[in-house]
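I opened this notebook to record what I looked up in the model, entry by entry, with the criteria written beside each term.

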Amino acid sequence: MMNPFRFQTVPTLIVEFGAARRLGALLRAQFPALQRLCVVTDGFLHTSGLLNPALADLAAHGWHATVIDDVIADPPEHIVLEATARARTAGAELVLGLGGGSSMDVAKLIAVLAPQQEQALSDMYGVNKVSVSRLPLVQMPTTAGTGSEVTAVSIVTVGEAKKMGVVAPQLIADLAILDAELTLGLPVAATAATGIDAMVHAIEAYTSARLKNPVSDTLAIKALELLSRNLLPACEDGHNREAREAMLLGATFAGQAFANSPVAAVHALAYPIGGIYHVPHGLSNALVLPHVLRFNAESAADRYAELAEVVVPGAAGNVDEKTQALIEKLEQMIAATAIPARLRDVGIEREGLGRMASDAMLQTRLLVNNPRPVSEADALAIYTAAF
Ligand SMILES: NC(=O)c1ccc[n+]([C@@H]2O[C@H](COP(=O)([O-])OP(=O)(O)OC[C@H]3O[C@@H](n4cnc5c(N)ncnc54)[C@H](O)[C@@H]3O)[C@@H](O)[C@H]2O)c1
Ligand SMILES: [Fe+2]
């Protein structure tokens with residue numbers, strides 16, 4: 001007997017190495033009547049020249065592009081509101097997120113906020129709280145990590161340190177374009193952190209206590225296969241096209257998986273690390289990943305053993321031994337990328353763990369998906385193990 005389920009994703013996905021170089025033509029074909037587009041990105045990507053071929057082709061195909069480049073990592077609310085005001089002034093008819101998860105997340109919110117004044121951002125946090133429609137929305141990632149190009153999720157930093165999510169079907173783009181050429185120059189540390197974020201999406205989708213479904217399972221398994229085999233090759237040689245293409249596709253598959261079978265305690269415990277200490281999202285995940293999996297093992301060992309078949313082919317033994325093999329392999333991969341492995345290595349002090357544990361408890365949207373209930377004392381024990 002199969003549980004009923006619902007699966008939503010983008011209606012159109014274009015996977016094409018070099019697609020950015022003909023972005024104007026691609027968008028012209030899909031949106032023949034539109035002219036004014038706003039490109040949502042961050043200052044580094046804009047000034048680095050990475051976007052120039054895309055911007056040139058947009059101009060060549062009659063697009064009036066306004067580049068909004070003030071996105072910063074873990075975007076705070078005021079950045080979203082200021083960017084929305086700029087998009088409104090520019091009369092944007094189409095919103096294009098072109099960057100990492102931070103840029104794509106801001107693009108989603110501009111698309112729902114710019115065309116209307118009835119519903120404020122502050123009324124949109126939570127699941128299915130958005131009551132308005134949006135502008136046409138296209139997403140183009142430059143990191144192989146968040147999967148934001150295919151998810152209904154946007155993460156905003158509210159106040160000083162709280163990361164909050166807007167989750168609503170309106171945030172699913174009309175079109176996602178994967179051009180791995182854009183990721184060739186991504187530095188090693190960012191490649192590793194964002195790639196591990198994507199692996200966590202696949203792992204948590206596969207073990208989600210709510211909404212786990214066979215489509216997400218299939219995508220999560222394929223994602224984990226692509227990501228686990230290509231993470232180290234992509235870190236060793238950023239210009240390895242095959243590895244970059246595999247990572248980008250894997251991150252998108254993982255995004256499709258968790259958009260419908262949501263992430264859990266790894267993300268819930270990672271958010272306070274990003275919110276309070278401004279540690280990049282993928283690195284925050286990597287720091288707690290092995291410790292959360294060890295905590296979850298008593299409830300999720302059967303599923304972890306299935307994932308071990310993918311990540312550690314030939315792993316022998318019973319489910320507990322396979323689970324152990326999975327966790328050890330992930331730890332080895334994290335170590336091989338040379339990103340920091342312990343909370344103390346990213347400037348966190350032992351005295352800070354208590355506040356992190358109490359902040360993690362606020363992520364109820366995520367904790368309900370965890371295969372094993374997490375108390376504040378559990379969270380503190382996990383952070384202590386990760387310290
Ligand atoms: N919406 C979702 O479903 C979802 C899922 C997971 C995470 N997130 C959010 O996404 C954000 C993290 O996104 P991210 O990890 O992609 O990082 P990011 O967008 O914050 O970018 C990180 C850094 O990498 C740089 N960068 C990006 N692409 C580059 C490239 N090709 N070459 C060189 N440098 C490049 C950026 O300029 C920036 O300095 C967080 O706010 C996180 O909470 C969202
Ligand atoms: Fe994530």
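Entry 1: The side chains of R134 and D174 meet in a salt bridge, at 2.9 Å from N to O, where a salt bridge is a side-chain nitrogen of Lys or Arg within 4 Å of a carboxyl oxygen of Asp or Glu. This pair links distant parts of the chain, 40 residues apart, with R134 in the loop between strand 5 and strand 6 and D174 in the loop between strand 8 (162-167) and strand 9 (175-178). Helices (H or I, at least four residues) and strands (E, at least two) are DSSP runs numbered from the N terminus.

**Entry 2: ground rules.** I note that this is a predicted model, in which local features need pLDDT of at least 70 and side-chain atom pairs count only at pLDDT 80 or more, while totals for chains, interfaces and linings use all residues. Residues are numbered from 1 along each chain as its sequence is written, chains are lettered from A and ligands numbered from 1 in the order in which they are written, and side-chain values use heavy atoms, with hydrogens and water left out.

**Entry 3: other salt bridges.** How many salt bridges does the structure hold? I find 15 salt bridges in the structure. The side chains of E93 and R36 form one of them, at 3.9 Å from N to O. E93 lies in the loop between helix 4 (77-89) and strand 4 (94-99) and R36 in strand 2, so the pair ties together parts that are 57 residues apart in sequence. Both ends are partly exposed, E93 at 22% relative accessibility and R36 at 36%. I also looked up R22, which forms a salt bridge with E16, the closest N and O atoms being 2.7 Å apart; R22 is partly exposed at 38% relative accessibility, and E16 is partly exposed at 23%. K222, E225 and R229 are linked in a network of salt bridges.

**Entry 4: the iron site.** Which protein atoms are the donors of the iron ion (ligand 2)? They are D197 (OD), H201 (NE2), H267 (NE2) and H281 (NE2), lying 2.1 to 2.2 Å from the ion; donors are N, O and S atoms within 2.8 Å of the metal (3.2 Å for Na, K and Ca), and sites may look incomplete because water is not among the atoms. Along the chain the donors follow the spacing D-x3-H-x65-H-x13-H. D197 and H201 are 4 residues apart in helix 6 (residues 188-206), and are therefore separated by about one helical turn. D197 is buried at 2% relative accessibility, and H201 is buried with a relative accessible area of 2%.

**Entry 5: positive phi.** N128 has a positive phi of about 60° although it is not a glycine, and I place N128 in the loop between strand 5 (126-127) and strand 6, where N128 is exposed with a relative accessible area of 54%. H278 likewise has a positive phi, of about 55°, although it is not a glycine; H278 sits in the loop between helix 9 (265-277) and helix 10 (281-311) and counts as exposed at 55% relative accessibility.

**Entry 6: the whole chain.** I count 14 helices and 9 strands in the protein chain. The radius of gyration of the protein chain is 20 Å, close to the 21 Å that the globule rule gives for 387 residues, so the chain is as compact as a globular protein of that length; the radius is taken over C-alpha atoms, and the rule is 2.2 Å times the number of residues to the power 0.38. Buried residues make up 59% of the 387 residues.

Notes:
Buried means under 20% relative accessible area, exposed over 50%, partly exposed in between (1.4 Å probe, protein chains only).
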